[in-house]
There are 2 protein chains.
Amino acid sequence: MAKTNKTLRRRNEYQIYDVPIDSFFELAFSIDCVVFGYGKKDLQVLLIQRGAEPYKGLWALPGDLVYPDEDLDTSAGRVLKALTSLPDLNFEQVHTFGAVDRHPLGRVVTVAYYAIVNMKGFNPKAAFWADKAKWHSVKNLPKLAFDHRDIIDYSYKKLKESTMTKPLWNGVIEEKFTLTQLQSFFETVLDKKFDKGNFRKKIDLFQYVKETEEFEKDVPYRPSRLFKFDKKLYQKNEESS
Amino acid sequence: MAKTNKTLRRRNEYQIYDVPIDSFFELAFSIDCVVFGYGKKDLQVLLIQRGAEPYKGLWALPGDLVYPDEDLDTSAGRVLKALTSLPDLNFEQVHTFGAVDRHPLGRVVTVAYYAIVNMKGFNPKAAFWADKAKWHSVKNLPKLAFDHRDIIDYSYKKLKESTMTKPLWNGVIEEKFTLTQLQSFFETVLDKKFDKGNFRKKIDLFQYVKETEEFEKDVPYRPSRLFKFDKKLYQKNEESS
DNA sequence: TTACTTTTTGTAATTTTTACAATAAGTATT
DNA sequence: AATACTTATTGTAAAAATTACAAAAAGTAA
């Protein structure tokens, strides 16, 4: 990014300052996505190995520059869709990272988003970035490019905070699920065991977890009743709060 | 912002796209500050009346473009200091607003911050923006420029969420305070009354609220013991969590 | 029929929250 | 000095929520 030494006296509503001409435009704007993978093991994070400098060879979060004609959230949705091929992913803005020196090649401010997906839904071979993308356990992350470690830490914290209050599991576990499956989701994300009975009492309070008349099949023990997410009821309760 | 029709084939780690040359730099980057004012009445918000188009005459949040050589948080700190003259204000990032059409003159992405101050510490006459800045009750906001109403709503929600878990009152109420004064802070911010006895029990759990050996003076009733914020203990507990 | 596994419901102890009352300690008034 | 008054401070009992643990139910497998 070229620098100029000419300065311009600028003024806004309440102060005057001197800055290099055009220097406000010497910056780029990106989004970075923390995609958490839910599966049988630890919670995972999807990382991409960088093929170019800076930080060549290190692992990094998938991200992209924001197009000039696209909303911030749209940009995150676009990258997530390209990565996961999942159309209706829920994602949420986490934080914006804007330290001057966070990118060695220039001023790049990045907005972090997170999402959580079921790893089973993935077919890495099908994606063009497959040979470069890999899941890593949140408990054992490699050395990361830029400030991406901070971004993950921040996102993981927010994910945990949201898990108790928002139905993040919707769209991640099966559409019709057993309470044991739901409990596993909570246990994996929060990295913590729950008592079976007490967990059910807590879920009872979530009115948007509705029982169905269906049951598990082909299990070598007593089949569990299946439950589902009541989207309408959830949205109604959200509005009134 | 001038547009060009030339396009450039860009490539990043995992996809290729065509964009107008330089168009990633056709954007500006700002911060906006939601300064909440604590006083005897409702919680207030500091707004500035716009003197120029767009939205001339409407009220807006104080904010500024981010300097190219300044961290995001530094930028917020600079604006807040210019506005409030308070050196060590606590402020927190809330959310980033990046809809394409949020600014009628071009693409401006803004990062929102909030802070809370004691209105008594203010001397509006002393500041150069005094004739344009005014406190407004959060319960009765005027018509606002841009998407600033959304920004305030978002910030107010976050302020409420943080009030129970963080000592936001530190630096806002007196350094040595009575528990009744602390309770008033909570009641004003959360817009909700608390039971005197029960509030004390809750505060008892906040180990960083430490009693002193001092008492109120010149009050026409039983003087209350004064308490203070134990910064060291708070920071120690923060680290271990 | 019995053993086994998991689901589902229940229960009693503990802790936390809530509503409300009693006491304490000062000032102001008679 | 005694009394009224105001707020601070402590206490207490009922209600609600959480926790640890157990029992019963409902299926499969031997």
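Good morning. Of the 241 residues in chain A, 27% count as buried; a residue is buried if 20 or more other C-beta atoms lie within 10 Å of its own, exposed if 12 or fewer, and partly exposed in between, with C-beta atoms placed from the backbone. The model is predicted: local features need pLDDT of at least 70, side-chain atom pairs count only at pLDDT 80 or more, and totals for chains, interfaces and linings use all residues. Residues are numbered from 1 along each chain as its sequence is written, while chains are lettered from A and ligands numbered from 1 in the order in which they are written.

Let me begin with chain A. Chain A has five helices and twelve strands; helices (H or I, at least four residues) and strands (E, at least two) are DSSP runs, numbered from the N terminus. Among contacts in chain A with a separation of 6 or more, 60% join residues 24 or more positions apart. Two residues are in contact if their C-beta atoms, placed from the backbone, lie within 7 Å.

Is A:Glu161 buried or exposed? A:Glu161 counts as exposed, because it has 11 C-beta neighbours inside 10 Å. This residue sits in helix 2 (residues 148-163) of chain A. Its C-alpha atom is separated by 17 Å from that of A:Phe199, which is 38 residues away along the chain.

I turn to the sheets. In chain A, three strands form an open antiparallel sheet in the order 10-12-11. Strand 10 (176-177) and strand 11 (209-215) of chain A are at the edges with a single partner strand each, so one side of each has no neighbour in the sheet. Strands pair if DSSP finds at least two bridges between them. Two bridges join strand 10 of chain A to strand 12 (residues 225-229) of chain A, and A:Lys176 has A:Lys228 as its bridge partner in strand 12 of chain A.

Chain B also holds an open sheet of three strands, in the order 10-12-11 and with antiparallel pairing. Its edge strands are strand 10 (176-177) and strand 11 (209-215) of chain B, each pairing on one side only. Strand 11 of chain B is joined by four bridges to strand 12 (residues 225-229) of chain B, where B:Val209 stands opposite B:Phe229.

Next, a pair of helices. The axes of helix 2 (residues 148-163) and helix 3 of chain B come within 10 Å and cross at roughly 150 degrees; axes are lines fitted to C-alpha atoms, for helices over the stretch in contact, and angles run from 0 to 180 degrees between N-to-C directions. B:Leu159, B:Lys160 and B:Thr163 of helix 2 of chain B make the contact with B:Phe186, B:Val189 and B:Leu190 of helix 3 of chain B.
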